[in-house]
Amino acid sequence: MQTLKRTKLLETIAQLASQLEIKCYLVGGYLRDQLRGVDSFDLDFSVSDRLPELLESLAKQLNSEYRYYPEFLTASVKLNPIWKQDIQMSNLDFCEFRQEVYPVAGSLPKISSGSFESDLMRRDFTINTLAVELSLYLKFLENKSSFACLEQILINLHGGIRDLDQGTIATLHSKSFWDDPTRIFRAARYKTLISGSYQRATREQLTQALGEQVLESMESYRIAGELLKIAESPLSQETFIELSQIGVFAAIWKSSTVIDSALLSKSLKHVLLGNDLEENLINLLTPIVSAYQANNHLKSLGLKNRIAKQILERI
């Protein structure tokens, strides 16, 4: 039932795009997860132009609301409760073909219209650059026997299929982490997600970027937001440990960036499951703080002295 509803949704989007004579592609995480054989709860679309018109028509068809961000050429459709329940998704994400320039490292990008190729080039990692024309994907769903496999119809300009097969996290260019340091957090998240490893050049870039304190160029709310996003993911504890191992927490607390300690504390505690909250908290924080002098930082999280003492004893 869920699959049929999702297909119906995709058919609606494809029909509206055809009526407006615009190109519409399914991109990114949904296709990545399809190749991994797991369900995905993210639908991202990239369209050639006329995005506001598509959104207006789609919102009416789905009896849903949308928000359009013209400065970024992006939009999100918030599905109504019936659609949300039927397809187990809350939002649909859209963007127009675009290109970006970062005026200052770590700043929000300046966006302008671009090509399909430039839109793929601005993505974070190769495994998230996979794309397929929506109408072709629907033909694949309708008659899979006519195709050898999903890979046959995918646009794979940056080796995303190879890297996914090999479990490799690879950036698209050497300054990726400087342009957008949030990709450091996402690198850890995706590495954990696919049980993979960093491409050698990408690992070197990551280490160099942290060494040059690129996180200082980010506003604190963006760092806290990435931590909260990780905290809400199924593999949150493993991802926090990965962040610690690559030096992210050390870099955060050694930098001059001031992060809301309440948000950080919430993000760490949010992942804790089970009855023994204090023991779980100790087990989670110990590997994270072991790389540096942590006493002041543990206090900043508002931890009870008893918990902070046990963590410091285990380091």
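I take helices (H or I, at least four residues) as DSSP runs, numbered from the N terminus.

**Ground rules.** This is a predicted model, in which local features need pLDDT of at least 70 and side-chain atom pairs count only at pLDDT 80 or more, while totals for chains, interfaces and linings use all residues. Residues are numbered from 1 along each chain as its sequence is written, and side-chain values use heavy atoms, with hydrogens and water left out.

**Second largest pocket.** I looked up its volume and found about 240 Å³ of space. A pocket here is an open set of points on a 1 Å grid over the protein atoms alone, where a 1.4 Å probe fits, with protein on both sides within 12 Å along at least five of seven lines; lining residues have an atom within 4 Å of a point. The volume is the space filled by probe spheres set on the points. I counted 15 lining residues, with Thr-3, Thr-7, Tyr-30, Tyr-137 and Leu-141 nearest the centre. Helices α1 (2–19), α2 (29–36) and α6 each give two or more residues to this lining. The largest share, 6 residues, is from α1.

**Helix α6.** Next I checked residues 134–142, where Leu-134, Tyr-137, Leu-138 and Phe-140 are buried (under 20% relative accessible area, 1.4 Å probe, protein chains only). They sit on the same side of α6, because their arc around the axis is only 155° (taken from the directions from the helix axis to the C-beta atoms). On the face turned away from that buried side I found Lys-139 and Glu-142 exposed (over 50%).
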